[in-house]
Amino acid sequence: MKCRGAVMRGVGRDWEIEEITLDPPREGEVLVKMAVAGVCHSDDHFTTGDMVPTPELAAIMEATGAPPLDYFPLLGGHEGAGVVEEVGPGVRSVQPGDRVSFSFIAACGACRWCVSGMTYLCDNGAMMLATEMTTDGTCRRHVGDEDLTAMTQLGTFAEYAVLAEHSVIKIDDSIPLEAASLVSCGVTTGWGSGTVGVGTQPGDTVVIVGTGGVGINAVQGARAAGANAVVAVDPVEFKRDTAKFFGATDTSPSVEEAIGLVRELTNGVMADRVVLTPSVLHAELLAPALMLTRKGGTCLMTAVPKFEVNMVPLLLVDMLQSCKTLKGLIYGGMNPRASMPMLLSMYRSGNLKLDELVTRRYRLDQINEAITDMREGRNIRGIIEFD
Ligand SMILES: [Zn+2]
Ligand SMILES: [Zn+2]
């Protein structure tokens, strides 16, 4: 079938709305009609080149035997929700008419990591940016006579998507598709980071650095996990104000200024947990972030760093003698198949704010405007609505 989708053809280019071709779903695959797509920062990392390896890093990756990365042409979008239109042979977890949210890792449920409760580490994660399907290694998406890569095996910036059954999660009919879309990436990643990911305990002081679409949910999560103080750090005043609405007790425009504030709040002990959710994770952020972290505390990296050899200045003597943990985590350490229904039932009970996250709604043709608004810090979450 043919439909319209937003395609990126190279670093620095705009998204272009093109006609794309989707093959029918094969064994273990489903065809979904898209209802809502979220505009999350990770899509923009391809436009800016942050997610494209520098020559230095590419050489190291090649030496270690990693396959060369060729993302373009790339169909954008890794957050969304829709309705199943058709299922291929062997599909059991969903049927036509079901509402589904998406997981940006097509977790297989059978590998060592999946069966150990870490589906965010599923071996299928290695194919997150592959052009081929995780199901049988062949391509289902095309533009002109080229095969098309879909962002994290999803490609939600299109009217339809052919997906592995492993990428879709059935949600309750009573849940609005907009809410289902929000938990697809940003909410789950942020909530997980502020709770189980960084290990928040009742009474903790938690600092969230960057309170956009992901960090704002780390604020909600940390508060729900019982944090006594949640400090939201963001240079944008509107985001600091929004963070207060979502449960932040204090705010600061920069990490440097937050150090003094947290010292005061904790009588010099510093923060039990620090979560890093800025738009791009720059190496220079880590030294001050670890100064914010108390001895024995945890600093969590959730944001996407630039795809290069990052030289990180760490005070090793402080890391060791203060027993600090610096941790990296995907999906906030959540398992989408369990976490998304849980978060949506919290939403239904009024214990999780989702509707309030949406700053602006766009049509697919406005994709570049939506990306610009995100980049300029005007949105907590922008979403694309389909018919
Ligand atoms: Zn995302
Ligand atoms: Zn797996």
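The structure is a predicted model. Four cysteines coordinate the zinc ion (ligand 2), and an open sheet comprises six strands with mixed pairing.

**Zinc site**
- The donors to the zinc ion (ligand 2) are the SG atoms of Cys108, Cys111, Cys114 and Cys122, at 2.3 to 2.4 Å.
- Angles among the four donor atoms span 104 to 119°, and the site is tetrahedral.
- For four tetrahedral donors, the ideal angle at a metal is 109.5 degrees.
- Along the sequence, the donor residues follow the spacing C-x2-C-x2-C-x7-C.
- Both Cys114 and Cys122 are buried.

**Open sheet**
- The strand order is S8-S7-S2-S1-S4-S9.
- Strands S8 (146-147) and S9 (149-150) are at the edges and have a single partner strand each, so one side of each lacks a neighbour in the sheet.
- Strand S4 (residues 74-75) runs parallel to S9 and is joined to S9 by two bridges.
- Within this pairing, Leu75 is opposite Ala150 of S9.

**Backbone features**
- Most peptide bonds are trans, and most residues other than glycine have a negative phi.
- The bond from Phe72 to Pro73 is cis, with omega near -5°; Pro73 belongs to the loop between helix H2 (55-63) and S4.
- Gln153, not a glycine, has a positive phi of about 65° and sits in the loop between S9 and strand S10 (160-164).
- Because buried means under 20% relative accessible area, Gln153 qualifies at 3%.
- Tyr331 also has a positive phi, near 55°, in the loop between strand S17 (325-328) and helix H11 (336-348).
- Tyr331 is buried, at 1% relative accessibility.

Key
Residues numbered from 1 in each chain as written. Chains lettered and ligands numbered in written order. Predicted model: local features only at pLDDT ≥ 70, side-chain atom pairs only at ≥ 80, totals over all residues. Heavy atoms only, no water. Donors = N, O, S within 2.8 Å, 3.2 Å for Na, K, Ca; no water. Tetrahedral: all angles 85-135°; square planar, octahedral: opposite > 155°, others 65-115°. Buried < 20%, exposed > 50% of the residue type's maximum accessible area, 1.4 Å probe, protein only. Pairing = 2+ DSSP bridges. Helix = DSSP H or I, 4+ residues; strand = E, 2+ residues; numbered from the N terminus.
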